[in-house]
Amino acid sequence: MSSFPEVAVVGFAQSPQVRETTGTTNGVEMLVPVFQRVLAATGLSRREVGFWCSGSSDYLAGRAFSFVSAVDAIGALPPIAESHVESDAAWALYEAWVKIRTGEVDTALVYGFGKSSAGELRRVLALQLDPYLVAPLWPDSVSIAALQARLGIEAGLWSEKEMAEVAARSRADAAANPNAQLRDPVDPAALLDTPYLADPLRAHDCAPITDGAAAIVLAAGPVARELCERPAWITGLEHRVDSPALGARDLTRAPSAGAAAAAAGIAGVQVAELATPFTSQELLLRRELGLPDDVVINPSGGPLCGNPMFACGLVRIGEAASRVMDGGAERALGHASNGPLLQQNLICVMEGR
């Protein structure tokens with residue numbers, strides 16, 4: 001039997017996912033109310049949080065060490081143990097999970113934030129591409145995703161009709177999510193009559209520009225049971241990476257996602273929250289993970305209805321955990337992705353007991 005403590009999600013809070021906020025790019029204005037809600041839900045005070053870890057991007061914020069300014073949302077006193085990843089905050093959750101598993105702390109608060117409206121997101125994301133051969137060409141993120149979508153269509157893996165059906169289902173599910181940015185129902189047949197953004201992608205195929213923040217509280221076994229009536233126990237947490245070179249991999253596949261899922265053990269999940277900002281990527285990832293038809297995909301509406309950069313993956317884990325904590329599911333999966341076209345994939349499996 002493992003001597004490492006079990007870890008569970010015991011609290012989750014997020015800001016409304018909106019097209020634009022009036023706050024600064026350091027995220028403080030979004031984070032303060034999120035921290036207040038997640039701490040109130042668990043009954044913890046700031047002094048009782050053993051470790052704080054964040055995920056964000058200085059490139060997106062347009063300033064060096066923007067995450068240091070974000071610490072202002074925590075407060076100057078008492079002193080804290082803090083860390084940061086220049087990545088989606090789901091990877092910060094991984095760091096915090098390791099911190100608890102090694103016994104250094106028994107509680108951690110993980111948060112992520114991004115103000116995508118502050119710049120030209122499609123151009124900013126070009127900076128994650130090969131800096132020698134691809135990034136100097138400034139191919140925008142939507143056009144690159146369109147290449148992937150077209151490859152899948154030509155290979156017979158999905159169709160524009162199936163992509164429109166993903167968008168329509170996401171909007172319908174988001175109607176019950178007060179934090180979602182897009183909640184109006186749409187007719188999939190009507191969507192196919194709209195113009196292309198980048199053939200074969202239309203506006204409904206792409207996640208909207210979104211400002212937002214989120215926070216999750218993790219706790220070790222005995223503490224988790226004190227803080228939450230039904231903790232979402234993390235039974236598997238794995239991440240894998242594919243080549244960043246777009247020409248070195250089959251863009252209709254995401255082998256790292258399948259490898260992470262196999263290592264995490266996703267059998268029996270009832271709900272899957274997938275960080276797929278394009279309709280074609282949801283169809284790709286569902287196939288790569290081998291999810292059966294009875295698994296509910298993105299019941300929150302998913303990234304297609306609100307995509308806060310560098311918090312999206314953390315939101316997916318939080319939404320999946322919420323289904324476990326409220327008794328709606330016994331076993332759920334949260335997914336996060338970094339890099340171009342599902343290059344890096346993280347899988348977090350949680351269950352209720």
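## Close-up views of ring pairs and charged pairs

View 1. Searching the whole structure turns up four aromatic pairs; rings of Phe, Tyr and Trp (its six-membered ring) pair if their centres lie within 6.5 Å, and planes under 30 degrees apart count as stacked, over 60 as edge-to-face and the rest as tilted. This is a predicted model, where local features need pLDDT of at least 70 and side-chain atom pairs count only at pLDDT 80 or more, while totals for chains, interfaces and linings use all residues. Residues are numbered from 1 along each chain as its sequence is written, and side-chain values use heavy atoms, leaving out hydrogens and water. Phenylalanine 35 and tyrosine 111 have ring centres 5.0 Å apart and planes at 80°, so this pair is edge-to-face. It links distant parts of the chain, 76 residues apart: phenylalanine 35 is in helix α1 (residues 28-42) and tyrosine 111 in strand β4 (residues 107-115). Helices (H or I, at least four residues) and strands (E, at least two) are DSSP runs, numbered from the N terminus. Are these two residues buried or exposed? Phenylalanine 35 is buried at 5% relative accessibility, and tyrosine 111 is buried at 0%. Here buried means under 20% relative accessible area, exposed over 50%, and partly exposed in between (1.4 Å probe, protein chains only). Phe35, Trp52 and Tyr111 form one aromatic cluster.

**View 2. Phenylalanine 65 and phenylalanine 67 make a tilted pair.** Their ring centres are 6.1 Å apart and their planes are at 55°, so the pair counts as tilted. Phenylalanine 65 is exposed at 55% relative accessibility, whereas phenylalanine 67 is buried at 17%.

**View 3. Arginine 123 sits over the ring of tryptophan 138.** Arginine 123 is 4.1 Å from the ring centre. A charge sits over a ring if NZ of Lys or CZ of Arg is within 6 Å of the ring centre and within 35 degrees of the ring normal. Lysine 99 likewise lies over the face of phenylalanine 51, at 4.8 Å from the ring centre.

**View 4. A salt bridge connects arginine 331 and glutamate 351.** The whole structure holds 17 salt bridges, each a side-chain nitrogen of Lys or Arg within 4 Å of a carboxyl oxygen of Asp or Glu. In this one, N and O are 3.2 Å apart. Arginine 331 belongs to strand β12 (residues 331-338) and glutamate 351 to strand β13 (residues 344-351), 20 residues apart. Arginine 331 is buried at 16%, while glutamate 351 is partly exposed at 21%. Salt bridges with shared partners join Glu6, Arg331, Glu351 and Arg353 into one network.
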